[in-house]
Amino acid sequence: MTTRIVVTGIGVVSPVGLSRDSTWKNLLAGMSGIDHIAAFNPEDLETTIAGEVKGFEATDYMPRKESRRMDRFSQLAVAAAGEAVEQAQFTDLNGIGERVSVMVASGIGGIITLSEQIGVMDARGPRRVSPFLVPMMLPDMASGHVSMSLGARGPNYSTVSACASGGDAIGQGQALLRMGVADAVIAGGTEAAICPIGVAGFNSVKALSRRNDDPQKASRPFDAGRDGFVLGEGAGILVMETLENARERGVEPIVEMAGYGSTSDAHHITQPHPKGEGAARAMEMALKDAGMAPEDIDYINAHGTSTPLNDRSETLAMKKVFGDEAYKIPISSTKSMTGHLLGASGALEAAVAAMAIANSAAPPTINLEEPDPDCDLDYIPHVARRGRIRTAMSNSFGFGGHNVSLIFKEFIG
């Protein structure tokens with residue numbers, strides 16, 4: 001008998017809110033978190049807009065001394081994890097920490113710290129490089145800091161699969177729970193790559209929108225006028241545990257995690273398979289893992305990056321998997337509001353999928369003004385859609401051909 005896995009806590013820090021509830025409220029309202037970059041002067045860059053987390057103060061979530069030894073991506077993770085474990089009533093792990101795992105992913109890690117310290121070395125010499133450079137830049141350090149902040153002593157590592165990283169972390173967390181290695185997993189993703197080299201790097205591969213004159217209209221998934229994604233930052237964390245463990249603790253599940261699929265395109269370093277072959281297989285694997293048929297899915301949170309190639313190939317993949325049902329399923333890309341959180345995107349969007357079930361509503365895809373003829377599914381344009389959602393799928397795809405699909409469903413005891 002397959003072990004049932006439930007979600008008992010959700011934590012979010014995003015470009016549209018510093019918490020789970022504020023993020024959800026603003027997504028439903030169709031609010032964009034994209035604006036001109038404020039963290040540095042971007043005037044020399046081709047793209048000068050991003051989805052920054054506004055008003056975040058690390059010391060609101062952790063001691064100042066600890067915060068100064070963390071890159072921003074780790075700070076965001078600790079903040080989101082704190083909210084998730086509070087909702088899950090899991091703040092005290094004394095005596096049970098060995099059975100609690102942490103799996104917080106990042107696609108890039110501490111690129112802000114790394115780029116700053118390269119500048120220090122160039123200007124002042126290698127002896128002035130910070131001794132905290134290495135522990136601040138490593139992609140696994142967010143997971144490490146969350147583990148240390150909570151006393152979680154089970155398996156602790158970071159999945160790195162580009163923009164599918166957060167989704168893979170949640171899927172691997174499910175696997176640990178099913179294997180009996182842990183009773184609970186704090187899983188998700190975090191990213192903070194809005195810095196000059198981060199923006200310049202994505203500009204150089206022609207991935208980013210250059211719609212600098214109208215930031216809130218720049219991310220436009222499935223629209224004929226889309227010209228690239230908008231870089232975002234933030235973190236999404238889920239507390240997942242076996243149903244048995246949740247019942248023993250007397251905690252009410254939010255949703256049940258039902259399925260996980262992960263594949264590789266084996267096609268190109270940055271481009272998706274033109275027919276969405278790997279993405280389709282990931283969705284099929286997730287459906288099989290969940291014991292569901294295509295017609296069982298009520299909502300899909302699409303990867304929907306706002307790039308010409310991704311949106312077209314993802315649409316093809318959904319048509320391949322769902323057939324005629326694809327035209328009946330409400331689909332949205334919340335990247336239209338948050339931008340693309342890279343390694344954190346799959347985790348944030350998994351949280352959105354779970355909240356869609358819990359709140360009986362699906363967020364919209366904003367800026368969908370002129371649908372691409374090749375993207376002809378129901379992408380919930382402009383306005384959120386309310387109604388019961390029994391099941392939700394979340395898709396994430398990444399450079400290198402990584403594909404992840406997650407499925408959540410209503411918890412029925």
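How much space lies in the largest pocket? The volume of the largest pocket is about 620 Å³, where a volume is the space filled by probe spheres set on grid points joined across faces, edges and corners. The model is predicted, and local features need pLDDT of at least 70, side-chain atom pairs count only at pLDDT 80 or more, and totals for chains, interfaces and linings use all residues. Residues are numbered from 1 along each chain as its sequence is written, and side-chain values use heavy atoms, with hydrogens and water left out.

A pocket is an open set of points on a 1 Å grid over the protein atoms alone where a 1.4 Å probe fits, with protein on both sides within 12 Å along at least five of seven lines, and lining residues have an atom within 4 Å of a point. Of the 30 residues lining the largest pocket, A39, R72, I112, E116 and I194 are the closest to its centre. Two or more lining residues come from each of β2 (35-36), α3 (72-87) and α4 (111-124); helices (H or I, at least four residues) and strands (E, at least two) are DSSP runs numbered from the N terminus. Helix α4 gives the most, with five residues. The lining divides into 13 nonpolar, seven polar and 10 charged residues, with Ala, Val, Leu, Ile, Met, Phe, Trp, Tyr, Cys and Pro counted as nonpolar, Asp, Glu, Lys and Arg as charged, and the others, Gly among them, as polar.

The second largest pocket holds about 470 Å³ of space. Its lining has 32 residues, with T270, P272, T307, N310 and F399 nearest the centre. Elements giving two or more residues to this lining are α10 (277-290), α11 (308-322), β12 (391-398) and β13 (402-409), and the largest share, four residues, belongs to α11. By class, 10 residues of the lining are nonpolar, 18 polar and four charged.

Helices α1 (residues 20-28) and α13 (residues 345-359) pack at about 80 degrees, with axes 11 Å apart. Axes are lines fitted to C-alpha atoms, for helices over the stretch in contact, and angles run from 0 to 180 degrees between N-to-C directions. The two helices are therefore roughly perpendicular (65 to 115 degrees; under 35 counts as roughly parallel, over 145 as roughly antiparallel and the rest as oblique). R20, W24 and L27 of α1 meet V352, M355, A356 and N359 of α13, contact meaning heavy atoms within 4.5 Å.
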